[in-house]
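Student: I am new to this structure. Please take one part of it and go through that part closely.

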Amino acid sequence: MVDMQRYKLLLGKKKHVVKLEGEKYNTQFGQIDLKELKKKKVGEKIRTHTGQEFVVAEPSLLDLLEKKAKRLPQIVMPQDAAMILAYTGISPKSLIVDAGSGSGFLCIFLAYYCPLGKVVSYEINKKFAQIARENAKLVGLKNLTIKNKDILEGIDEKNVDLITLDMKNAEKNVENAYKALKVGGWLVVYSPYIEQVKLVNERVESMPFVEVKTVECIKREWQVGSFTRPKTLGLLHTGWLMFARKA
């Protein structure tokens with residue numbers, strides 16, 4: 001749950017996630033008085049100085065990441081992150097290791113939905129690691145640690161429930177992942193290129209993994225009205241997810 005003492009969501013002609021600092025919040029529809037907004041409860045309404053009305057709501061994790069987080073060029077999209085939870089069925093108290101933090105979107109997503117567990121994310125790039133830490137602070141997560149370390153040097157954690165890899169040369173980390181996983185634990189590799197999928201698959205098939213599968217999630221939005229059809233533009237393909245379970 002996002003801290004309503006720090007942020008509030010305004011729903012109207014345009015969505016706004018407002019950090020409750022300062023005196024005024026500017027929108028294209030006029031200014032919001034933050035002193036007044038702080039007093040508002042979920043479901044109550046507030047107007048800008050020009051009279052535009054918004055409904056106050058609690059921001060979700062995705063609202064916060066979309067509107068407030070720093071974003072590097074490539075992230076794991078929500079549909080792919082959700083598939084990881086759905087296909088592995090991991091519990092809220094899981095120990096998770098993630099590699100290739102980037103902006104931190106995937107590790108933040110996993111930590112948010114596993115609040116009783118712990119997520120450790122490895123990122124070799126110092127700048128990226130710092131961005132991921134800053135984004136984690138937005139959500140107020142206490143169960144996420146970002147390590148500025150090359151995971152190919154070894155995984156410190158043992159008996160891990162889930163390891164997710166979104167990194168170059170992921171195939172080189174399959175053996176390390178197998179050693180760190182507990183029996184029944186999952187390895188999930190996100191690959192933007194089919195060539196990497198093939199390399200990872202070759203390594204996985206050479207080891208005692210079971211339930212090996214590769215999937216992609218293609219999302220297509222529709223415009224519904226007098227004439228209903230798929231939207232012309234949109235992000236259909238994102239990448240591939242390979243799942244493998246330690247036996």
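Tutor: The model is a predicted one. The sheet is open and has seven strands, in the order β9-β8-β7-β10-β11-β15-β12. Its pairing is mixed. At the edges stand β9, residues 144–147, and β12, residues 209–215. Each of these has a single partner strand, so one side of each has no neighbour in the sheet. On average, and with direction ignored, neighbouring strands are turned by 15 degrees against each other.

Within the sheet, take β11 and β15. Strand β11 covers residues 181–191 and strand β15 covers residues 240–246. The two run antiparallel and are joined by six bridges. Across this pairing, V188 stands opposite F243 in β15. Helix α7, residues 194–205, packs on the sheet and touches β11, β12 and β15. The direction of α7 makes about 10 degrees with that of β15.

Now the helix pair. Helix α4 spans residues 105–113 and helix α5 spans residues 126–139. Their axes come within 10 Å and cross at roughly 30 degrees, and the crossing of α4 and α5 is right-handed. On the α4 side the contact is made by F105, I108 and Y112; on the α5 side it is made by A132, N135, A136 and V139. Of the residues in this contact between α4 and α5, six are nonpolar, one is polar and none is charged.

Methods. Residues numbered from 1 in each chain as written. Predicted model: local features only at pLDDT ≥ 70, side-chain atom pairs only at ≥ 80, totals over all residues. Heavy atoms only, no water. Axes fitted to C-alpha atoms, helices over the stretch in contact; angles between N-to-C directions. Helix = DSSP H or I, 4+ residues; strand = E, 2+ residues; numbered from the N terminus. Left-handed = near helix turned anticlockwise from the far one by under 90°. Contact = heavy atoms within 4.5 Å. Nonpolar A, V, L, I, M, F, W, Y, C, P; charged D, E, K, R; others polar. Pairing = 2+ DSSP bridges.
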